[in-house]
Amino acid sequence: MTLPVDMSTTLGNAWFPTPIFTASGCASSGKELAQFFPLNQIGAVVTKSVMSKPRHGRPTPRMAETPSGMLNSIGLQGPGIDAFLANDVPWLLEQKARVIVSIAGETVEEYATLARKLRSISGISAVEVNISCPNVENRGLVFACDPESSRRVIDGVRKTIGGELPIIAKLSPDVTDLPAIARGVVDAGADGLALINTVLGMVINIDSMKPHLGGKTGGLSGPAIKPVAVRAIYQVHAALPKVPILGMGGVASGRDALELILAGASGVSVGTASFGNPSALIDIQNELRDLLAARGFATMQQAIGYAHRDEA
Amino acid sequence: MATINKSAVQEMVTILSNKRVGAYHQILLNVGDIVKNCRPGNFVAIKVGGDTSKMILRRAFAISRVSESSQYGGTMELIVAAHGSGSKWLCAQGEGTEIDIVAPLGTAFGIPTEPISALLIGGGYGSAPLFGLADVLKSRGCKVDMLLGASVGSKIYAPMEGKRSVNSLKIYTEDGSMGETGRVTENLLNIVRDRNIDVIYSCGPMAMLAAITELVAETEVIHQCAVEESMACGIGICMTCVLPVRNEDGSTSMLRSCIDGPVMDGANVRWDLVGKVPEGSA
């Protein structure tokens with residue numbers, strides 16, 4: 001007989017009973033998934049990245065299914081931080097869900113303004129700073145593609161928010177030297193890293209013979225990008241073994257989640273899989289627990305970065 | 001802001017039959033008690049391709065009708081056009097196959113409390129949910145007229161038993177191969193006036209829904225339409241199926257057609273902005 005696996009994990013000073021989280025942008029604010037399972041049964045709800053003001057997002061078509069994946073171009077449609085904090089966060093806390101609020105801005109100042117509003121909200125477990133959304137108007141504005149811009153955003157958030165709330169910087173895999181960007185944001189005050197955001201892609205409609213998405217380019221997600229996520233997590237964990245990573249990218253099964261944990265993830269976000277299976281988070285969590293037990297792990301945390309064990 | 005259909009559940013169900021009807025497949029599912037919560041206008045999201053498929057997204061289909069009293073218990077009927085890889089897979093599944101569904105989803109057609117004169121307009125297989133709606137309207141004492149249109153006759157879906165639930169049925173095809181040559185909008189205003197239509201219920205291509213809205217804009221007629229936008233999840237979490245919809249204060253919001261729809265008030269949809277982004281702040 002095997003003992004139950006201790007599934008708990010931490011990101012900075014925040015504790016979670018399980019390592020399976022929603023992925024920002026793939027669960028809205030949790031209300032719809034709550035129709036399928038109680039939100040307090042997963043590690044945390046990572047809410048859709050919210051900006052200072054309400055936002056329409058991009059024109060349709062916003063979506064294209066691709067082999068084992070999908071391309072999206074939503075463009076951060078959302079209610080704005082004030083409505084979000086007034087409506088969505090209190091509801092999530094009522095459900096006894098743990099909440100990680102994801103924020104996105106167009107300028108360094110906007111991120112700091114968002115951080116200031118979060119500082120006074122109690123009950124939030126952590127803040128995800130999304131500096132890597134590929135669906136902003138000007139791709140040149142993706143902070144996470146530039147080490148100096150990334151640092152300035154995280155520095156601004158850290159100084160505004162104070163020392164308590166863990167900051168998780170969400171990075172893009174679309175860079176040449178990911179460990180260097182990761183090191184920069186950690187030096188600037190990030191407590192953890194979220195890896196990876198979607199991979200920039202494009203689909204051309206062969207009937208119209210033009211880019212299919214209203215936003216032309218979009219973010220690729222789903223199982224197609226899982227090896228990119230595993231590689232990114234492995235590289236960054238090797239460079240920064242003490243920095244907790246919230247891993248994500250194409251996780252659709254417990255096996256996938258275990259792969260990301262072995263590469264170095266302390267927690268795993270499930271995103272696109274929920275579109276195809278609203279119960280995906282619970283299914284993945286149960287399968288992960290069985291896989292860990294079958295491999296003799298007494299705690300999930302013993303498996304974090306286990307793939308690195310024979311390296312010098 | 002609307003919320004997800006409170007009756008939505010995810011379940012494995014069995015295909016009872018899969019028959020070819022004209023250009024479409026009529027698929028009957030054994031869904032048990034789910035039928036109790038299905039209303040005309042609701043849709044179902046179906047996992048396609050099997051466990052090893054490269055297709056990761058569900059496909060949304062309008063529920064054409066449900067029955068509580070068949071020998072199998074609750075059954076749900078779908079009318080599917082084998083268009084893309086997902087619907088082709090579904091149409092190829094035989095009797096006895098188990099499939100993973102989420103239902104019922106979305107809003108339903110509003111059913112009047114008084115006996116009114118209703119005009120039901122369907123384009124292509126968009127007519128499918130209108131026959132179930134016609135049954136409900138007739139049981140409330142409404143007068144139900146129906147207009148169906150398609151490019152060719154083989155794409156008109158009008159089952160014999162469905163014809164019995166309407167007072168009149170007029171068919172239009174663009175090539176004249178069935179019924180009158182032309183479109184359902186051809187003579188619409190005259191029909192609305194001559195038959196004292198109170199409410200139009202429509203389902204079909206977006207261009208048809210937009211054209212109907214424009215034609216009846218200056219009349220007193222209420223136009224409830226079931227929209228069709230491409231969806232990734234069907235349950236309100238992906239934000240891909242949005243449509244620009246006018247709010248009470250005159251501003252415009254991008255609303256999810258899976259949660260705030262598929263049935264919407266045609267007059268509130270900003271058809272001119274579909275595929276664009278509203279100007280000004282959200």
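A residue counts as buried if 20 or more other C-beta atoms lie within 10 Å of its own. The model shown in these views is predicted.

**View 1. Helix H3 of chain A and its buried residues.** Helix H3(A) covers residues 147-161 and has 15 residues. From its first C-alpha to its last it reaches 21 Å, close to the 21 Å expected at 1.5 Å a residue. Its buried residues are A:Ser150, A:Arg151, A:Val153, A:Ile154, A:Gly156, A:Val157, A:Arg158 and A:Ile161. Two arginines, A:Arg151 and A:Arg158, are among them.

View 2. Just after H3(A) comes A:Gly162, with a positive phi of about 85 degrees.

**View 3. Chain A as a whole.** Chain A holds eight helices and 16 strands. Its radius of gyration is 18 Å, close to the 20 Å that the globule rule gives for 312 residues, so chain A is as compact as a globular protein of that length. Along the principal axes, its C-alpha atoms fill a box of roughly 60 × 50 × 45 Å. Of the 312 residues in chain A, 59% are buried. Take the contacts in chain A with a separation of 6 or more: 73% of them join residues 24 or more positions apart.

**View 4. Where chain A touches chain B.** Chain A gives 36 residues to the contact, and chain B gives 29 residues. On the side of chain A, the elements that give two or more residues are strand E5 (63-66), strand E6 (69-72) and helix H7 (273-276). By class, this side of chain A has 14 nonpolar, 15 polar and seven charged residues.

**View 5. The two domains of chain B.** Chain B is divided into domain 1, residues 9-105, and domain 2, residues 117-273. The C-alpha centres of these domains of chain B lie 22 Å apart. Their contact takes 19 residues from domain 1 and 20 residues from domain 2.

**View 6. The side of domain 1 that touches domain 2 in chain B.** Three strands of chain B each give two or more residues to this side: E3 (43-46), E4 (59-62) and E7 (98-105). By class, the residues on this side of domain 1 of chain B divide into 14 nonpolar, three polar and two charged.

Definitions and conventions
Residues are numbered from 1 along each chain as its sequence is written. Chains are lettered from A and ligands numbered from 1 in the order in which they are written. This is a predicted model: local features need pLDDT of at least 70, side-chain atom pairs count only at pLDDT 80 or more; totals for chains, interfaces and linings use all residues. Helices (H or I, at least four residues) and strands (E, at least two) are DSSP runs, numbered from the N terminus. The radius of gyration is taken over C-alpha atoms; the globule rule is 2.2 Å times the number of residues to the power 0.38. A residue is buried if 20 or more other C-beta atoms lie within 10 Å of its own, exposed if 12 or fewer, and partly exposed in between; C-beta atoms are placed from the backbone. Two residues are in contact if their C-beta atoms, placed from the backbone, lie within 7 Å. Ala, Val, Leu, Ile, Met, Phe, Trp, Tyr, Cys and Pro count as nonpolar, Asp, Glu, Lys and Arg as charged, and the others, Gly among them, as polar. The expected span of a helix is 1.5 Å times one less than its number of residues. Domain bounds come from an automatic or database domain assignment.
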